[in-house]
Amino acid sequence: MAGSRSKASLRVWLLCPALLGCLLLGFLTGWFTKLTEKNPNSSDVHQNVRQKFVAEMKAENIKKFLRSFTKLPHLAGTEQNLLLAKKIQGQWKEFGLDSAELVNYDVLLSYPNEEQPNYISLIDEQGNEVFNTSLFEPPPQGYENITDILPPYNAFSAQGVPEADLVYVNYGRTEDFFKLEREMGINCTGKIVIARYGKIFRGNKVKNAILAGAQGIILYSDPADYCAPGVDPYPNGWNLPGGGVQRGNVLNVNGAGDPLTPGYPAKEYTFRYKVNEGVGMPKIPVHPIGYHDAEVLLRAMGGPAAPDSSWKGSLNVPYNIGPGFTGNSSARKVRMHVHTSNQITRIYNVIGILRGALEPDRYIILGGHRDSWVFGGIDPTTGAAVLQEIVRSFGKMKMEGWRPRRTIIFASWDAEEFGLLGSTEWAEENAKVLQERAVAYINADSSIEGNYTLRVDCTPLLYKLVYNLTKEILSPDEGYENKSLYESWLEKDPSSENNNFPRINKLGSGSDFEAYFQRLGIASGRARYTKNRKADKFSNYPVYHTVYETFELVEKFYDPTFKKQLTIAQLRGKLVYELADSQVIPFDSRDYGEALKGYSNRIYKLAKKHEEQLKLYKVSFDPLISAVVNFSKAASEFHRRLEQVDKKDSIAVRIMNDQLMLVERAFTDPLGLPGRRFYRHVIFAPSSHNKYAGESFPGIYDAMFDIESKADQREAWEEVKRQISIAAFTVQAAADTLKEVA
């Protein structure tokens, strides 16, 4: 027995090395096989999921969402807008997001007084009102029985009943007031001015009127700016009817968000200014009217004739400047009745989260507003419907087992129409986290403002990604079947700097990306379908912010097949997908270098018009030009290293991704721009003269604006030198962030 046990033990010992060898061979075979297998995050899988994600989106779904969301008015602060928020929240949960929460803020909003309506009167010498403007817009067919449609008004207008002579100020731009005051000798102090909508943000018109000393300002839509030739007024066409009136806020908060809590989230615990002390609120009454009413006011205007044809619209009136009236109306004046009141009101954002699998602490934000002035047929709901379909498609992928590499945050913002309030308050509340973790913000406001071609505004970091993605998407344009979106876009709107590429615009403001880009320095972009920039001279789309922005407007005239909106869904969705799921963040800082070269050359050319003063006050742009050259070199060297980085070394990839993420942040100055402390981006800001437009090197540009009229020339040019210094430092500092990590 002992002998046989000994033999058995010997056999086991002899078998052990063989077994160990087999195990080792199996392990090594498995290991090397694993290395040669496709990684789940490899290029093939990434492309396949993206194709599936894009194919999931359907035009018919966007149409259904648009119809559903535009049935009733949903103004910020109303019960209906809260119900819509809850509906969107519920759907996001059904779609499969990890979470969807309502986040509330208590902000200052502004509403007309139901007992005391706003209107404008013509009064005779006895003070009798001989003409009153309309109190409401005639409702469109099918909407006659809808309640809760507020009459047209300008939010945050001051209250008042001023009486004065009327002065016509064209578009109310800075140059229009310069023309009146400096060339024509017309003083607007104590007068009521009337300006046509268009060209610039309405709040800038009001600010200019206040600076000119006006007692009040009337805004109206001239057919020259809001009616396309040969098109009928709504409902038979898409032009503005004579009784249609554009609503809109007239704040000048310069990025502050809620006027009572500038810089801080409007929560229960936050210190608030008094309601009448809010930031950027106009001190004079403002009221909008339609062109039928405007024609009555302008018909009998006296004073000098319009200085040139650019001051004339399409109404059957002479467009005389005033002040006051002529002929039988010479004793008449204008009286404004504005009783709009401001009140602290609760608003609700919907915040949805799809958690990232590998880098959950890196965020891509896709956000657009939900609130509208009335039905919001185009603004914002063509964007909200597209956002809903993108969320649904991402949710479907997640339900099937996929997760993005990085976290995606979806946002349905409230109170955008009242000064970008919902998005700004959320940015303020989460600023510290976002500055550390946010990779990019993609805006999801209206997906169409016309139906001619694509329009993109974005940081230069996104240029290459936008161009590459539009080459993959089929154009929805007639005559471009089987051609790419890039091809139709390039042919219809080539860049003025380089016609080998389509035009991409600078980011200004006027939508919810503002706090993320201009204040926090998060790379941002927006894309939508637009009008023919060269041929269509009307401002925006004609029925903008009126009761006539309905589902039927979109279905009948703008996008009957909903293919344009689907195209924008594909582009916005792909942008988010690539930013969230690419191993290397798809930014290209070399394009920033090229853009900086163009911007610095432009501002230098502008300064060269004052060559004598540049010499006299020793103003040099050399430090800025040198910093731009250094940035371009640093960007080229960075991307050379990026091409060589070991993609299997997750730490090395993360380091370079962080450099890409933070380069936009490096262009911000914590002190902000002069007089506009919440605009902190040194390269881009909304124009001081038109919030909608983007300006490059805004600090230098503003310092040089109208510099020849400054009383103290030495002091004025010292400010130019200071701004050049800040810009040069900032560009050089940004270049340093791209250098190899020590």
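A nonpolar core is a set of buried Ala, Val, Leu, Ile, Met, Phe, Trp, Tyr and Cys residues joined through side-chain atoms within 4.5 Å. The legends below refer to a predicted model, in which local features need pLDDT of at least 70, side-chain atom pairs count only at pLDDT 80 or more, and totals for chains, interfaces and linings use all residues. Residues are numbered from 1 along each chain as its sequence is written, and side-chain values use heavy atoms, with hydrogens and water left out.

**View 1. The largest nonpolar core and Leu 624.** This core comprises 215 residues. Phe 418, Leu 624 and Phe 631 have the most contacts inside the core. Apart from neighbours within four places in sequence, Leu 624 is in contact (heavy atoms within 4.5 Å) with Ser 600, Ile 603, Phe 697, Ile 700, Ile 724, Ala 727, Ala 728 and Val 731.

**View 2. The open sheet of 7 strands.** Strands (DSSP runs of E, at least two residues) and helices (runs of H or I, at least four residues) are numbered from the N terminus. Two strands count as paired if DSSP finds at least two bridges between them. The strand order is β1-β12-β14-β13-β15-β17-β16, with mixed pairing. At the edges stand β1 and β16 (453-458), each of which pairs on one side only. From one strand to the next the twist averages 20 degrees; axes are lines fitted to C-alpha atoms, for helices over the stretch in contact, and angles run from 0 to 180 degrees between N-to-C directions. Strands β13 and β15 (residues 438-443) run parallel and are joined by 5 bridges. Leu 366 has Ile 442 of β15 as its bridge partner. Helix α9 (residues 381-399) lies across β12, β13 and β14, at about 150 degrees to β14.

View 3. Helix α10 (residues 421-429) is largely enclosed by the rest of the structure, because 8 of its 9 residues are buried; buried means under 20% relative accessible area, exposed over 50%, and partly exposed in between (1.4 Å probe, protein chains only). The buried residues include Trp 426, Glu 425 and Glu 428. Packing against the buried residues of α10 are β1 (99-111), β12 (341-354), β13 (359-369), β14 (406-413), α11 (431-437) and α14 (514-519).

View 4. Parallel pairing links the strands in the order β6-β7-β8-β10. Its edge strands, β6 (166-168) and β10 (286-289), each pair on one side only. Neighbouring strands are turned by 25 degrees against each other on average, direction ignored. Strand β7 (residues 192-196) is joined to β6 by 3 bridges, and Val 167 has Val 193 in β7 as its bridge partner. Helix α6 (residues 202-211) packs on this sheet, touching β7, β8 (216-220) and β10, and its direction makes about 150 degrees with that of β8. Helix α8 (residues 291-299) also packs on the sheet, touching β6, β7, β8 and β10, at about 110 degrees to the direction of β10.

**View 5. Helix α16.** Of the 19 residues of α16, 18 are buried, so this helix is largely enclosed by the rest of the structure.

**View 6. Gln 659 in helix α20.** Gln 659 lies in α20 (residues 650-663) and is buried, with a relative accessible area of 8%. Beyond neighbours within four places in sequence, the contacts of Gln 659 are Phe 638, Arg 641, Thr 737, Leu 738, Lys 739 and Val 741.
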